[in-house]
Structures are given as C-alpha cells and as structure tokens.
Amino acid sequence: MLKVQNIQTYYGNIQALKDVTIEVAEGEIVALIGANGAGKTTTLMSICGITPPRSGEIFLDGDPIHDFSPENIVKKGIVQVPEGRRIFPDMTVLENLEMGAFLRTNKRQIQQDLNYVMTLFPILEKRQSQLGGTLSGGEQQMLAISRALMARPRVLLLDEPSLGLAPLIIKQIFEIIRQINKESSTTIFLVEQNANQALKLADRGYVMENGRITLVDSAANLLSNVDVRKAYLGI
Ligand code: ATP
C-alpha cells in the first residue's frame, strides 16, 4: 500500500536518509525502530512531504506521491501524529478535534468520527470544553491521535507515541492503536525508540542506523534477534 523506495533526504548538505526502502501492506502495523538521531522522524517527514526526498520515490497504492504537497498527501489519506503531540494548546479539546477534519465536508461523517474517537478515549469527551494545553501528557497524546483520526486516514503515521509517558499510559495507548488498526482497518506505521513496546504491537519491523535500514523482519523475529536485543532492548 505504502512504498518508500530508495529515498535520500537531506538537510542542506547533511544526508539524513540513505537509500531507505520501506513497504507497508494494507492493514499492517509496521514499526521503525532505532536510536536517537537515526533518521526515524526524517523518514516520517519525507513520507508526509514536509522534508521531501532529494531522490527516490514514494508510492501510495502504486501512485507516486513524493512530489505532492503535505496537504495533498493528507488528502490522499496519509496522516501523521507528530512527535511531541503538537496539539493546539489554546483551543479546546473539541476545537482541536474539529481541526483534524478541516479538509472534510460531510458533516454527518465528521460527527460519526467525533463520536468514535470519544468512545475510544472517553476522557476526551469529559474534557471536550477544556483547553488542550491543560491536558496531561497522556491525554494530549490521546487528543493528537484522535485529531489525526478525524481526517479519516488510510495510513496513520505515529512519531514516538510513547515519548515521555508513564508505562501504564503507554500500554493503554498502544492497545488503542491496535484497536484502531483492527476496527477501522487503518494501516499503521510507527516510529519508536521504545523498541520493546513497538515490536510487541507491530506485525513487522525495520531497524534504522545512521540513516540506513539495517534490518527488516517480522516483529517476533526482531524481538528475539540477539543484536536487536543488545542494542535496543537492553538485554
Ligand atoms: P529522534 O528520536 O531524536 O527524533 P530520529 O531517529 O527521529 O531521532 P531524526 O530526527 O530524523 O532522527 O534525525 C536524523 C538526523 O538528521 C540527525 O543527525 C539529526 O541531527 C539531523 N536533523 C534532523 N532535523 C534536522 C534539521 N532540521 N536540520 C539539520 N539536521 C537535522
């Protein structure tokens, strides 16, 4: 469904991604793991059109999208939940959610999706009139995921959903990511430093080091791979 083929992405003269190839099939959960600075965020930014690759190609259902604007990539159904949440702190929870649907016009469907995210995260319904900036870190992550869902993504890209959250909240959020994948057959591509959690959730995983993909395998195989365990699982 999503195919990233031999992309090279630069910041000025610095090459952040070197010949990166990733495939995500429809309905899959795929994790990209790697150390701080490996190039995980840049991979997502390249897919979203925010830092487009200098060469290489990105396809959605076989159609090239690497020349598309970020807005057109969202219209094609690829929606990102950015690192650090980036919700609108001075807007209410409800307004944040409505912003997620800004490219859509069907009011009935938007209302349906609003109801859906509030059943996924009942706390957001309770807090709907509260300003986004007053939510806890975990609640902000729930809001950021929900805001992305309001765009009805076909592919949901998640950048470090576990960052800065307590273990119990991480568990809850990862369970809901699985639920979203199952219930609405949303394809999920997530990048994580928390390799253990990410690989427990994912079907397949990629390992990135210094801007290159160094390993690709089923999540189960990566979890038992000696090198992965030493480098990323602290075992
Ligand atoms: P993190 O977990 O810290 O987000 P990451 O794996 O997502 O790490 P990236 O943020 O993609 O890594 O960074 C990859 C490389 O590109 C790093 O060497 C980083 O210093 C560099 N880089 C990232 N953003 C920029 C930028 N805006 N300008 C210049 N270099 C950048």
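Is Arg178 buried, exposed or partly exposed, and what is its relative accessibility? I opened my notebook with this point, and I note at the outset that the model I am reading is a predicted one.

**Entry 1, Arg178.** I located Arg178 in helix α7, which covers residues 167-183, and I found that it counts as partly exposed, its relative accessibility being 36%. Leaving out residues up to four places away in sequence, I listed Ile29, Lys200 and Leu201 as the residues that Arg178 touches.

I then stepped back to the chain, for which I noted 10 helices and 10 strands. A compact globule of 235 residues would have a radius of gyration near 18 Å, and because the chain has 17 Å, I wrote down that the two agree. Taken along the principal axes, the box filled by the C-alpha atoms is roughly 45 × 40 × 30 Å. I read that 49% of the 235 residues count as buried, and that the accessible surface comes to about 11000 Å², with 50% of it belonging to carbon and sulfur atoms. Of the contacts between residues at least 6 apart in sequence, 68% join residues at least 24 apart. For the charges, I noted 24 positive and 25 negative ones, whose mean positions lie 2 Å apart.

Next I asked how many residues of helix α1 are buried. I found that eight of the nine residues in this helix, residues 40-48, are buried, so the rest of the structure largely encloses it. Among these buried residues I noted Lys40, as well as Leu44, Met45, Ile47 and Cys48. Just after α1 comes Gly49, for which I recorded a positive phi of about 85 degrees.

I turned to Thr92, which sits in the loop between β6 (78-81) and α3 (93-100). Thr92 is buried because its relative accessible area is 15%, and buried means under 20%. Not counting residues up to four places away in sequence, Thr92 touches Gln128, Ser129, Gln130, Leu131 and Gly132. Within α3 itself, I marked Val93, Asn96, Leu97 and Gly100 as buried. Viewed down the axis of α3, the buried residues fall within an arc of 95 degrees, so they line one face of the helix. I reminded myself that an α-helix has 3.6 residues a turn, so residues three or four places apart point the same way. I then asked which helices the buried residues of α3 pack against, and I found α4 (107-120), α5 (122-126) and α6 (137-149).

Asp19 is not a glycine, yet its phi is positive, at about 60 degrees. I placed Asp19 in strand β2, residues 14-24, and noted that it is partly exposed, with a relative accessible area of 39%. Arg152, also a residue other than glycine, has a positive phi near 50 degrees. I found Arg152 in the loop between α6 and β7 (155-159), where it is partly exposed, with a relative accessible area of 38%.

How values were computed: Residues numbered from 1 in each chain as written. Predicted model: local features only at pLDDT ≥ 70, side-chain atom pairs only at ≥ 80, totals over all residues. Heavy atoms only, no water. Helix = DSSP H or I, 4+ residues; strand = E, 2+ residues; numbered from the N terminus. Rg over C-alpha atoms; globule rule 2.2 N^0.38 Å. Buried < 20%, exposed > 50% of the residue type's maximum accessible area, 1.4 Å probe, protein only. Contact = heavy atoms within 4.5 Å. Areas by Shrake-Rupley, 256 points an atom, 1.4 Å probe, with all protein chains shown as cover. Lys, Arg positive; Asp, Glu negative; His and termini not counted. Charge placed at Lys NZ, Arg CZ, Asp CG, Glu CD. Arc of directions from axis to C-beta.
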